[in-house]
Amino acid sequence: METPLYLTISELRDGLRRKQFSAVDLARAALDRLEALGGRYNAVASVLHDRAMREARAADRRLRGARRSGPLVGIPYGAKDLLAAAGAPTTWGAPPFARQVLDYDAAVIESLRRAGAVLVAKLAMIELAGGGGYRYPSASLQGACRNPWNPAHWSGGSSSGTGAAVAAGLVPFGIGSETSGSILSPSANCGVTGLRPTYGLVSRYGAMALAWTMDKIGPMCRSAEDCGWVLEAIAGTDPRDPGAAGRGFNMRQAAPRRWSGVRVGYVPGDFDGNVHPTARAAMRAAVAAFRSLGVRWTRISLPALPIDAAARTIIRAEGSAVFRDLITGGDVWKLVDRRQAAGLRAGLEVTAVEYLSAMRVRRMLQDAFRRIFAEVDVILAPTRYAPAGRIDEPLDPQWRTRAPGTGRRGTPVGGGVALVPAGNLVGVPALSLPCGFSTTRLPLAVQLVGPPFGEALLVGLGRAYQAITDWHRRTPPIPPAPRRGR
Amino acid sequence: MSRRKRPKSRARGAALARPRRATRDPRPAMRTLREVRKNQMETGEELRGTTVPVGTEPAFIFTP
């Protein structure tokens, strides 16, 4: 390992306390790596040199002055470019907002500054977080974000840059956002650990709104434990976000414990016939690892409801309301992806009755999840049912059932594949954990889904899984950056 | 004036570093909009085809 940026938060904290490196050293390492490698993956929206060095020097003063300091003091990180950072470009990944500069910090960036973390970069994203429904991975001001494990493949969306930057060791952790899969998908595709918090646990003040009844902000890190440390810093009430739940999160709640007796629900076929053939061996191994923890295994089924239709309708209606001026003014057609523009335009035509029908289906889904969580403590499922597709493949629904990279028809996906939109509609938390590689050498992941505010259980169980596996410690082969000035 | 050819390896490196836009949708905007509208109508029909029991009303402010 050539850079300290692949260390976990606990390891970085130890290094800072033992003076193996300073916060300024870490910030410089991150800035150098972002400059040298960020462009290779289209992962970076902007590099924040001055701010990073200012915050790093303040962190070093804090580390010198206090006998005990918080876990994030001096740790560099990157934030998805939908979060406002005072004075820096905040482009939302979209050409019509390429020159947007906001003069305040988003609540999560404020919280992380208070915790002593060092903001080094804004990270690339799918334009407007993909709310219109995009057709190509290239739907971004920064271009298609390449996967560090194989640059011919996509890093996933919409927190694409955060996933790629953490995987490539440009930053030790990053902040992403999820409306329906935008933390889980890039975390799985890039082999990093990502946490989608319960709706309302993390303030969205200063974040671009897409679908305000579904938007959530969360960490993408090296490990489940790291996700817990970052969540502890960013969770909490905020009167500036009307969706804030008034709850916090404390890592003490996720302390190690015995896992025998914990009820884990699964959908039959999810780790076998429902997943892509190139992923089955890794998925079976993940199940075996969880079984070795002594958990109780319980069959569940997702309710037969139009989950995808409800999620699409709510996101389309709320997103088109948010961007109404952009759409009616015509600038929506300046977006990179034509289907995304058309989706936002068509969203203005969703009727109030359709929107409310989707909200009623959502209520039925919430009731169904309450019944599921009366039977089990947590649900285990593949995060994605196939490895990352190629960056030049369209994301048409029929392509999701084909073998990635081959164009040949693959196994139709069934089982718990609707768990991502379902979990987002219901607002429950999920943790994506790397669980190995496909036979095509791309990362794979499983997700743990818990009841509302069940993050402690997810982080604790995720930490136990990562104590007996090392998939989260694997790093992609990164060819050296070309020398500057040539 | 003849243009000098770049060495092959450098050209490959440059292509990898540049944002790639080659995958832009080749179909006309209006055709894409028609497709999206058709898909949206089908989504609406799917929702209308779901029986929702009386009393299943969404909260005005969503809470998980």
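**Figure 1. Polar contacts between chain B and chain A in the predicted model.** Five residue pairs, both members at pLDDT 80 or more, are found in polar contact across the interface of chain B and chain A. On the chain B side that touches chain A, the elements giving two or more residues are α1 (8-17) and α2 (29-48) of chain B. Of the elements on this side, α2(B) gives the most, with 12 residues. By residue class, the side of chain B that touches chain A divides into 16 nonpolar, 11 polar and 10 charged residues.

**Figure 2. A salt bridge between B:R48 and A:E354.** The side chains of B:R48 and A:E354 meet with an N to O distance of 3.5 Å. In total, 2 salt bridges are found across the interface of chain B and chain A.

**Figure 3. Extent of the interface between chain B and chain A.** Here 37 residues of chain B are in contact with 52 residues of chain A. Together, the two chains bury about 3800 Å², and carbon and sulfur atoms account for 58% of this area.

**Figure 4. Residues 398-413 of chain A, where pLDDT stays under 50.** For this segment of chain A, the model has 33 contacts beyond four places in sequence. Where pLDDT is low, predicted coordinates should not be read in detail. Chain A as a whole averages a pLDDT of 93, and 95% of its residues score at least 70.

Technical notes
Residues numbered from 1 in each chain as written. Chains lettered and ligands numbered in written order. Heavy atoms only, no water. pLDDT = per-residue confidence, 0-100. Contact = heavy atoms within 4.5 Å. Buried area = accessible area lost by both parts, 1.4 Å probe. Salt bridge = Lys/Arg side-chain N within 4 Å of Asp/Glu carboxyl O. Polar contact = N/O pair within 3.5 Å; in protein donor to acceptor, adjacent residues only side chain to side chain. Helix = DSSP H or I, 4+ residues; strand = E, 2+ residues; numbered from the N terminus. Nonpolar A, V, L, I, M, F, W, Y, C, P; charged D, E, K, R; others polar.
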